[in-house]
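Colleague: I have a model open and would like to go through it with you. Could you take my questions one by one?

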Amino acid sequence: MKKIEHIGIAVKNLKESNALFGKLFGEPHYKVETVESEGVNTSFFQVGDNKIELLEASKDDSPIAKFIARKGEGIHHIAFDVDDIEAEIIRLKEEGFIVLNDRPKRGADNKWVAFLHPKSSNGVLIELCQEIKE
């Protein structure tokens with residue numbers, strides 16, 4: 001793992017949250033994107049070397065909708081940048097982590113992504129990210 005790629009924050013209303021975080025950071029979001037496979041609308045803020053991803057459910061049965069129903073708005077995950085996501089999935093499985101998807105899938109912001117179950121990482125949902133190079 002090279003660095004923290006971004007921190008994901010679950011929100012009920014992306015438009016309102018974009019305005020709030022824009023005021024907080026003093027800069028508007030730079031990107032809005034829908035990830036149909038995850039049932040989520042996202043926006044990204046660049047804060048120095050770091051990124052913040054806001055996540056709003058676009059479907060009532062999406063993971064973000066379920067998260068907000070259970071825990072309310074707040075930090076959803078921490079994402080780490082990796083060089084070889086497939087090798088990291090294998091390595092982390094061998095280390096005893098529960099990987100939620102055996103193969104990387106296309107995520108937001110031009111990334112391949114995979115997730116570790118919070119039960120295997122002290123209650124924190126971990127996302128692995130690798131830039132898609134086409």
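Colleague: Which residues in helix 2 are buried?

Modeller: In helix 2 (residues 63-71), the buried ones are Ile64, Ala65, Phe67 and Ile68. Buried means under 20% relative accessible area, exposed over 50%, and partly exposed in between, with a 1.4 Å probe and protein chains only. Helices (H or I, at least four residues) and strands (E, at least two) are DSSP runs, numbered from the N terminus.

Colleague: Why do the buried residues line one face of helix 2?

Modeller: Seen down the axis of helix 2, the buried residues fall within an arc of 160 degrees, so they line one face. The arc is that of the directions from the helix axis to the C-beta atoms. In general, an α-helix has 3.6 residues a turn, so residues three or four places apart point the same way.

Colleague: What covers the buried residues of helix 2?

Modeller: The cover includes strand 1 (3-11), strand 3 (40-47), strand 4 (50-57) and strand 5 (74-81). Cover goes by contact, meaning heavy atoms within 4.5 Å.

Colleague: And which exposed residues does the face turned away carry?

Modeller: Ala69 and Arg70. Just after helix 2 comes Gly72, with a positive phi of about 85 degrees.

Colleague: Before I go on, what kind of model is it?

Modeller: A predicted model: local features need pLDDT of at least 70, side-chain atom pairs count only at pLDDT 80 or more, and totals for chains, interfaces and linings use all residues. Residues are numbered from 1 along each chain as its sequence is written, and side-chain values use heavy atoms, with hydrogens and water left out.

Colleague: New topic. How many aromatic pairs are there in the whole structure?

Modeller: A search finds 4. Rings of Phe, Tyr and Trp (its six-membered ring) pair if their centres lie within 6.5 Å; planes under 30 degrees apart count as stacked, over 60 as edge-to-face and the rest as tilted. One of the pairs is Phe21 with Phe25, which is tilted, at 5.8 Å centre to centre and 40 degrees between the planes.

Colleague: Where do Phe21 and Phe25 sit?

Modeller: Both are in helix 1 (residues 14-25), and because they are 4 residues apart, about one helical turn separates them. Phe21 is buried at 14% relative accessible area, while Phe25 is partly exposed at 25%. Phe21 also forms a tilted pair with Phe45, at 6.4 Å centre to centre and 45 degrees between the planes. That pair links distant parts of the chain, with Phe21 in helix 1 and Phe45 in strand 3, 24 residues apart.

Colleague: Which residues form the aromatic cluster?

Modeller: Phe21, Phe25 and Phe45 form one cluster.

Colleague: What about Asn110: is its phi positive or negative?

Modeller: Positive, near 60 degrees, in a residue other than glycine. Most residues other than glycine have a negative phi. Asn110 lies in the loop between strand 6 (105-106) and strand 7 (111-116). At 30% relative accessibility, Asn110 counts as partly exposed.

Colleague: And where is Asn122?

Modeller: Asn122 is in the loop between strand 7 and strand 8 (126-131). Its phi is also positive, near 50 degrees. Asn122 is exposed, with a relative accessible area of 79%.

Colleague: Last one: how many helices and strands does the protein chain have?

Modeller: There are 3 helices and 8 strands. From the N terminus on, they run β-α-β-β-β-α-β-α-β-β-β. Of the 134 residues, 46% count as buried.
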